[in-house]
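Open the structure in your viewer and keep the selection tool at hand.

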Amino acid sequence: MLKFLVRRWSERPRMLVFMLGVMLPATALIVAGVWHLRTIQRDRAIEAVVQREFQQVLAIAEKRIDARAYEIAEEASTQFPDAEQGDELSTFLAAHSDIAHAFLWTGKGRLKTQSQPDRMSDPQFVEEGRDISSMAGHWFDLDTDDWIAKLKKIKATEGRRVYFTSNWVESGDKWHYQSLVLFMPRGSTAAHPALAGFVYDTDYLGSKFFPQALSEVLPNQNANDTSHSQPVIMVRTAKDHTPLAASICWDGGSPEVERSFESVFPGLILGIKLRGTTIANISNQFARTAYIILGALSLLMGGGMLLAYRNIARELALAKLKSDFVSNVSHELRTPLALIRLYAETLELGRISNPGKRQEYYEIIRKESERLTSLINNILDFSRIESGKKEYSFRETDVADLVRGTLESYRFEIEQNGFQFEQKIDSDLPQVWVDREAIARSLLNLVNNAVKYSTTEKYLGVNLYRHNGGVNLEVVDHGIGIPAKEQPKVFEKFYRVCDPLVHNTKGSGLGLSLVRHIVQAHGGEVAVESEPGHGSKFIITLPVQTPKVQQAKGTSA
């Protein structure tokens, strides 16, 4: 028992090295991954990345909207009447219905203003035109040189003729945004300077210009597509959080990232968000996904390490079993060889004069030779099975005569060990197609095990009877028994029950493995019923088959 425990303990350092060499790096990797994810969550790094991306999208959107606004205003300015054609403002407005008001300044106190004729029935619109006329006259009369210098600088540096500014119009409790476009009309000279401009009001900006511009910034949007989150943009005034205009997929709520217009539309703000979700939700989803992936990888790594551990443990156990097998086989070979040599030398020296005693010695030599042959045959059969070359010779057999003959050849061993032997063989058994030598070897292996592992109550019973259309062969003993958890393993090669008595008893660990292989090759089954301290019962079930059925199963393993 002590030697067995020492051997088991000696395997632990190698397993410990494996655990430390594989599990520590894997655990460190998992811990580092969790720490990194927690750092990302704590620093809100995902939100920051998305917000930076949104800021870039808004910057690009602003540039495109500005370019579109300049394109429209530049085109309209080229069609504006000359400085000497102030009377043509009505014609200009008729050709540009999107412009609410137009004005032309040709000198101090000389400002001509015109509003869209079809809207003059609206008193508020008329009052709005008067306010713009007063404001523009005041600007140009007082700061003529400054405006001319600013427009010339824009022309020289940016190559543009127009300048955008904003105007706020109060209506009730709200302020409406207007975009004013200022420029120098054709016919303006240094000697006779002229200034002109027109107004895009809130209706045009909110219902036409910005919706079209936003659709160009975010093309291919589908308001009915809710399968994935998509960015949506809105435009609002600095004095109101209600969108002035929005992309077609805008679903309400507040933008998560905003950016103020810097040049063309001062006082307006661009906002962006994701439809149907938030940046925080994206960050949380990323974290959840990362944790799930990390958890799955951890499980895979843990499963891989467990499989590797089990494989290594199995290989170590197999190596130990093979070592024990060599040791046990050597001992089992040495014992009969020693007895054969001893009795043979005694007979050779002529020291036994009694014929009866001499005959007994001859019988012992024969029995030990048979025992030695049986052991060698087991080893050879195992070798053939492992290499897939084991062959069986099936023929119709009286299984009752086969069992009786096999037990009779082993009776000397049974009686010599002081066993109470009992056999029950039915008389009406059918013929069975078997390999006689293989079945006899299976029976002897079971009987030999019963003899080896019965220390106190020495009983051996062999029963042969019909069962469910087949034949059952039972070997019963009152020996040490087998624990329930180890019963499925006893038919594995080299396996020996973890009991001190088993390990102190020499054996190869091949007997039951050979029995299972032989029985399965015959189309049968082998089972064990056992309880520690109350003995064991091994049951071999052989089917009754015709030659054709048996041969169809093959004759090699």
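The model you are looking at is predicted.

Keep Leu 300 selected and show the element around it: Leu 300 lies in helix α8, residues 279-348. Is Leu 300 buried or exposed? Its relative accessibility is 62%, and exposed means over 50%, so Leu 300 counts as exposed.

Next, select the loop between β14 (470-477) and α12 (500-504), and pick out Gln 487 in that loop. Gln 487 has a relative accessibility of 15%. Buried means under 20%, so Gln 487 counts as buried.

What does the side chain of Gln 487 reach? Display Ser 530 as well: the Gln 487 side chain comes to 3.0 Å from the backbone oxygen of Ser 530.

For the last stop, select strands β7, β6, β9 and β8. In that order they form an open sheet of four strands with antiparallel pairing. The edge strands are β7 (245-246) and β8 (257-260), each of which pairs on one side only. Strands of a sheet pair through backbone hydrogen bonds.

Now zoom in on β6 (residues 231-237) and β9 (residues 268-274), whose antiparallel pairing runs over seven bridges. To see one of the bridges, select Thr 237 together with Leu 268, its bridge partner in β9.

Technical notes
Residues are numbered from 1 along each chain as its sequence is written. This is a predicted model: local features need pLDDT of at least 70, side-chain atom pairs count only at pLDDT 80 or more; totals for chains, interfaces and linings use all residues. Side-chain values use heavy atoms; hydrogens and water are left out. Helices (H or I, at least four residues) and strands (E, at least two) are DSSP runs, numbered from the N terminus. Buried means under 20% relative accessible area, exposed over 50%, partly exposed in between (1.4 Å probe, protein chains only). A polar contact is a pair of N or O atoms within 3.5 Å; within protein, one must be able to donate a hydrogen and the other to accept it, and residues adjacent in sequence count only if both atoms are side-chain atoms. Two strands pair if DSSP finds at least two bridges between them.
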